[in-house]
Amino acid sequence: MHDTSTGTTALPSRRTVLAATAGITAALAVTGTGTAHAASYNDKKLRALISRMTLEEKVGQLFVMRVYGHSATDPTQADIDANLKEIGVRTAAELIARYRVGGIIYFAWANNTRNPHQIADLSNGIQKASLGQPRGLPLLVATDQEHGIVCRVGKPATLFPGAMAVGAGGSSADAHTLGRVSGAELRALGINQDYSPDADVNVNPANPVIGVRSFGADPDAVARLVAAEVKGYQSSKVAATAKHFPGHGDTATDSHYGFPVITHSRELWEKLDAVPFRAAIKAGIDSIMTAHIQFPALDDSGDPATLSPPILTGILRGELGYDGVVVTDSLGMDGVRTKYGDDRVPVLALKAGVDQLLNPPSLDVAWNAVLNAVRAGELTEARLDESILRVLRLKAKLGLLEDPYVSQANVDHVVGIGTHLAAADRIAERTTTLLANEGRLLPLSRRGHKKLLVVGADPASPSGTTGPPTGVLAAALTELGFQATALSTGTAPSAATADQAVAAAQDADAVVVATYNVTAGSSQKTLVERLVATGRPVIAVAIRNPYDIAQLPTVPAHLAAYSWTDVELRAAARVIAGGARPRGKLPVPVQRADDPARVLYPIGYGLTY
């Protein structure tokens, strides 16, 4: 039991956990000690659970919903107000009581992920609220912990390089370690489903939504790393989720704000996009997330894949033989709301073959739409039962039907421990990619280049707990024996900011500049050209997409870090200082700026010293 005066949820004892799930164990007629093990939950017993559910409970089981607050029962007034406005309830506990949802998704912006002990307590509070309901079932608690640029749980939890960085490292063992360690930490926090890894093959440099979230542009390499990461997560009893089926890697439109169309032929889809999903299925993936994209070669109806029976039932279930959980991408995204109203989307998704409906803009509208569709005969109750069975199989496999709670003591033993942080640093060190090194400028000499100026972009931290990048780079280089000063110049430096940077460069022996998705007309490009013109040696570090070098041909030394989180920046600093050799190889090709049809640096390119 945890002292409620400290703000933590008083957990039931082992006996009361079993009592709370007595309805489950009675329905399953588990013999012996009364403790139900995952292996005991065969389909017959799970169907017995389903047969006892009301129609409203069945509808709820299909939804995974956001909710504001750091606590399941006692959020701040601001979070209560946000919940009332968006969901019509005050707390997570009220959400569960009213809608009987099957899952909750955590976001940093919803104040769900402040610190490890708070997250564990929130998870326990959510499970307690659900098990306290009549015929209560444990919840799948999910988040998007991809690492790199998409991360909901921040420090002091262990933060790893993102997918494209891991792709540059190329090690299946590293991908497995990432999944295993991250999975162990998530599980300790009560998060049991991770919407990761990204299985998209990023073949479009202009892709605004996937990019460095993908392992790369080679489908076989992506497949190998996806499979390894899946096995890693699932070895730690966290459901991995391959996304975004049937493949979001070749689009210039962000499905959060538009409706992308993928123009690949069926043949190209088989050779490119399908390969990592097949590998994930072969690796035993627990869940697959759909994409809000049109894919005319697979379904010419104009519907998004999320709502497409030919894609989800015909191809994913039928041809690929997948019978695990299918979860939609967020139903609040424009890509799925363009063609149909919010009341039609959840019904059409279920008809297409989806099992979990993620984060609808209005839960009341979506929940009642499904309920009314069953009552009107558009959806059968048997169709709901089919999806609920998949969801319950997953909950049983994860051990949630036995005991969904986590202990605060275990948080300290698992989350952000030294061995995990060291593993993240080791993996990051294998990812930094050296693309140019004229005159063997790198590694920098502490004697010849003692004073360093670090300028560049300081994008917001993905988790809210890292950065700013220029400060992290300067601190890491100072630790390594240099005298480094940081000057943040932003992603769109003004002429006055550039003047300030050029003036500061006069006092430096060399300049390190952090670049962020540089385009032909970007003022970042102008800043870098002006810094090169000072005559000071310039080292560029691309902190997002690795394509920046094509726009910066005059820079003598160029590194790709693939993300601006601390672990990747510290690794880049060690490479600059000679504390580590650059070992990363490009997992995507870099095309020429003046002729995108021609490759400047191919997949597999990377210098060392």
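Trainee: In which sense do strand S1 and strand S2 pair, and over how many bridges?

Mentor: Start with the general idea. Strands of a sheet pair through backbone hydrogen bonds, either parallel or antiparallel. Now the case here, in a predicted model. Strand S1 (residues 63-65) and strand S2 (residues 103-105) pair in the parallel sense, over 2 bridges. Take Val64: its bridge partner in S2 is Gly103.

Trainee: What is the strand order of the open sheet formed by 8 strands?

Mentor: Read across it as S7-S6-S5-S4-S3-S2-S1-S8. The pairing is parallel. At the edges sit strand S7 (325-327) and strand S8 (357-358), each pairing on one side only.

Trainee: Which strands does H13 touch where it packs on the sheet?

Mentor: H13 touches strand S5 (239-245), strand S6 (287-290) and S7. The direction of H13 makes about 125° with that of S5.

Trainee: Which residues of helix H13 are buried?

Mentor: Helix H13 spans residues 309-319, and its buried residues are Ile311, Leu312, Ile315, Leu316 and Arg317. Look down the axis: these buried residues fall within an arc of 165°, so they line one face of H13.

Trainee: And the two ends of H13?

Mentor: At the start, a side-chain oxygen of Ser308 comes to within 3.1 Å of the backbone nitrogen of Ile311. After the helix comes Gly321, with a positive phi near 70°.

Trainee: Where does His292 lie, and is His292 buried or exposed?

Mentor: His292 lies in the loop between S6 and H13. Its relative accessible area is 0%, so His292 is buried. The cut-off for buried is under 20%.

Trainee: What do the polar atoms of the His292 side chain reach?

Mentor: Two things to look at. The side chains of His292 and Thr306 are joined by a polar contact of 2.7 Å. A polar atom of the His292 side chain also lies 2.8 Å from the backbone oxygen of Ser330. Then widen the view beyond neighbours within four places in sequence. His292 is in contact with residues including Ser255, Phe259, Pro260, Pro304, Asp329, Leu331 and Met333.

Trainee: How do I read a pair of packed helices?

Mentor: Two packed helices are described by the angle between their axes and the distance between the axes. Apply that to helix H15 (residues 345-352) and helix H16 (residues 363-375). Their axes come within 8 Å and cross at roughly 55°. H15 and H16 are therefore oblique to each other. From H15, the contact uses Pro346, Val347 and Leu350. From H16, it uses Ala366, Ala369, Val370 and Ala373.

Trainee: In what order do the 6 strands of the open sheet with mixed pairing run?

Mentor: The order is S9-S14-S13-S12-S10-S11. Strand S9 (433-437) and strand S11 (483-488) are the edge strands. Ignoring direction, neighbouring strands of this sheet are turned by 20° against each other on average. Within this sheet of mixed pairing, strand S10 (residues 451-456) and S11 pair in the parallel sense over 6 bridges. Lys451 has Gln483 as its bridge partner in S11.

Trainee: One last residue. Which helix holds Gly167, and which residues does Gly167 contact beyond four places in sequence?

Mentor: Gly167 lies in helix H8 (residues 163-169). It counts as buried, at 15% relative accessibility. Beyond its sequence neighbours within four places, Gly167 contacts Phe215, Leu225, Lys585 and Pro587. Gly167 and Pro276 are 109 residues apart along the chain, and their C-alpha atoms are separated by 13 Å.

Methods
Residues numbered from 1 in each chain as written. Predicted model: local features only at pLDDT ≥ 70, side-chain atom pairs only at ≥ 80, totals over all residues. Heavy atoms only, no water. Buried < 20%, exposed > 50% of the residue type's maximum accessible area, 1.4 Å probe, protein only. Helix = DSSP H or I, 4+ residues; strand = E, 2+ residues; numbered from the N terminus. Arc of directions from axis to C-beta. Polar contact = N/O pair within 3.5 Å; in protein donor to acceptor, adjacent residues only side chain to side chain. Pairing = 2+ DSSP bridges. Contact = heavy atoms within 4.5 Å. Axes fitted to C-alpha atoms, helices over the stretch in contact; angles between N-to-C directions. Parallel < 35°, antiparallel > 145°, perpendicular 65-115°, else oblique.
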